[in-house]
Amino acid sequence: MRNTPVFDMLERYRELGHISFAMPGHKGGRGFPAPFLEHICAYDVTELAETDSLHAPREAIREAMRLAAAFYGAEETFFLVNGSTAGIHCMLAAACRRGGKVLVNRGCHMSLIHACILFGLEPVYIPQGLLEGFGVPAPVRPAQVQAALSRHQVQAVLLTSPNFYGVCADLEEIAAIAHAHRVPLLVDEAHGAHFAAADALFPKTAIRAGADMAVQSAHKTLNAPNQSAFLHIRSDLVDRERLRAYTVMLQTSSPSYPMVAAMDLARAELEDGQQWGALYRACVALKARIAAQSAICPLTAACAGGYAVDETRLVFNFSAYQTTGFDVFRKLTEQGIDAEMADLDNVVCIATAANTAAELHILEKALLSIAEKLPPAGTRYEAAPPPVLEQALPPADAFDAPGVYLPLKQAAGRISKTTAAAYPPGVPVIACGERVTAEAIAYLFALQKAGAEITGLREEQIEVVK
């Protein structure tokens, strides 16, 4: 008998028949048309005379990327098969030169820190507060960007919008500020590929808001496999040929054609927009019913302090109960429902057009059932943001320095060679090159104790500069 642990694991998971409110957006393939599922292995081909080439497109792939650019309002769009991580790396490599600085929100994805290591860049962090009542990161404000650009010489601004919770920055004003300083605005828009479905229902896409480049994960909310992403450019501040070269260098030379085809399908389906309109209305109604029948507080535009919000991102705050988001996440799993992530107060579900009305109803019943069995929290507290740390060394210098592993408890005062984060969402608590503090150590242990998975550590040891 063959020993196939990964295959067996996935077969066991498939047989569970869970309802997915997690990535990828196609929800177990239900979002794909039948011919795609039937012939997916036949579509897994290489660059042949009849099949074009992703890295030197001539016909079909070139036309598919042109159609995507026209739909998203870009001058040019690239299909990526190494995910938004590759897109972030491509944007920074194209816009910046080694040794330069990049202005970023502190709640950036860890792939940005990795890009700084690879390309010798130094991040200049903009601190982020928390959205009142929810304990989730609030986007940076235009005034913060203006102040930072007045103090620092940077080669680019890279912001995350929307964040994992669907909350968006004011990209139009920030783009105007960046351009007044002749600095390109790059946007990690991984969670906003679906915004283009309906301008009246969703926040404006980054490119339409004036960003120079934006990367979107097609797999997060659209009907595409994991690792599928769009990279858009509309700019006179970025060297287009340099960007094009990096999309080749930073991706596999053997791209997956089923992924490329799925991105083409996803764009075509998104242009219709009807499914997303129906999902939007269903999510708004679901949040209203849950708020009316429980002390669960759904995150909506009305309670987001003036920030634009993706109403199809289902964020449920349980701080009124004696529980954590991690506990709610586990209870949903026990009922056959996969949420995307959790934190101390919230559970986050990703709804897409591939989810059915019946699945949304099951999620609603499950959340209300969980809440009914929970005692009230008593004294309400406000979550604290991660501690602000000193950038003691540029990430590349710290990474290249000799290192030693120490128990995390003993690492206060040392410079980190790694990036420690709760994953998801992958936002660093300690970034490479930062000086570890007792507060950061306590913060990580508190997350871990509550149920978060911490990446960047090795058996509760952290690598620091020797």
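## Ground rules

Helices here are DSSP runs of H or I with at least four residues, strands are runs of E with at least two, and both are numbered from the N terminus. The model is predicted, so local features need pLDDT of at least 70 and side-chain atom pairs count only at pLDDT 80 or more, while totals for chains, interfaces and linings use all residues. Residues are numbered from 1 along each chain as its sequence is written, and side-chain values use heavy atoms, with hydrogens and water left out.

Thr247 sits in helix α9 (residues 240-249). Its relative accessible area is 5%, so Thr247 is buried. Buried means under 20% relative accessible area, exposed means over 50%, and partly exposed is in between (1.4 Å probe, protein chains only). Setting aside neighbours within four places in sequence, Thr247 touches His55, Phe78, Cys90 and Leu231. Contact means heavy atoms within 4.5 Å.

Glu15 belongs to helix α1 (residues 5-16). Glu15 is exposed, at 58% relative accessible area. Between Glu15 and Phe318 there are 303 residues in sequence and 30 Å in space, C-alpha to C-alpha.

## Helix α3

Helix α3 (residues 60-72) has 13 residues. At 1.5 Å a residue it should span 18 Å, and its end C-alpha atoms are 18 Å apart, which agrees. The expected span is 1.5 Å times one less than the number of residues.

Ile61, Ala64, Met65, Ala68, Ala69, Phe71 and Tyr72 are the buried residues of α3. Seen down the axis, they fall within an arc of 165 degrees, so they line one face of the helix. The arc is taken from the directions from the helix axis to the C-beta atoms. Arg62 and Ala70 are exposed on the other side. The cover over the buried residues includes β2 (76-80), β10 (213-217), β11 (229-233) and α10. Gly73 follows α3, with a positive phi near 80 degrees.

## The cavity

The structure holds one cavity of 30 Å³ or more. The largest cavity has about 90 Å³ of space. A cavity is a set of points on a 1 Å grid over the protein atoms alone where a 1.4 Å probe fits but cannot get out, and lining residues have an atom within 4 Å of a point. Grid points are joined across faces, edges and corners, and volume is the space filled by probe spheres set on the points.

Residues lining the largest cavity include Gly25, Asn223, Glu269, Trp276 and Thr352. Helix α10 (257-272) and helix α11 (274-293) each supply at least two lining residues. The largest share, three residues, comes from α10.

Conventions:
On a 1 Å grid over the protein atoms alone, a cavity is a set of points where a 1.4 Å probe fits but cannot get out, and a pocket is an open set with protein on both sides within 12 Å along at least five of seven lines; lining residues have an atom within 4 Å of a point.
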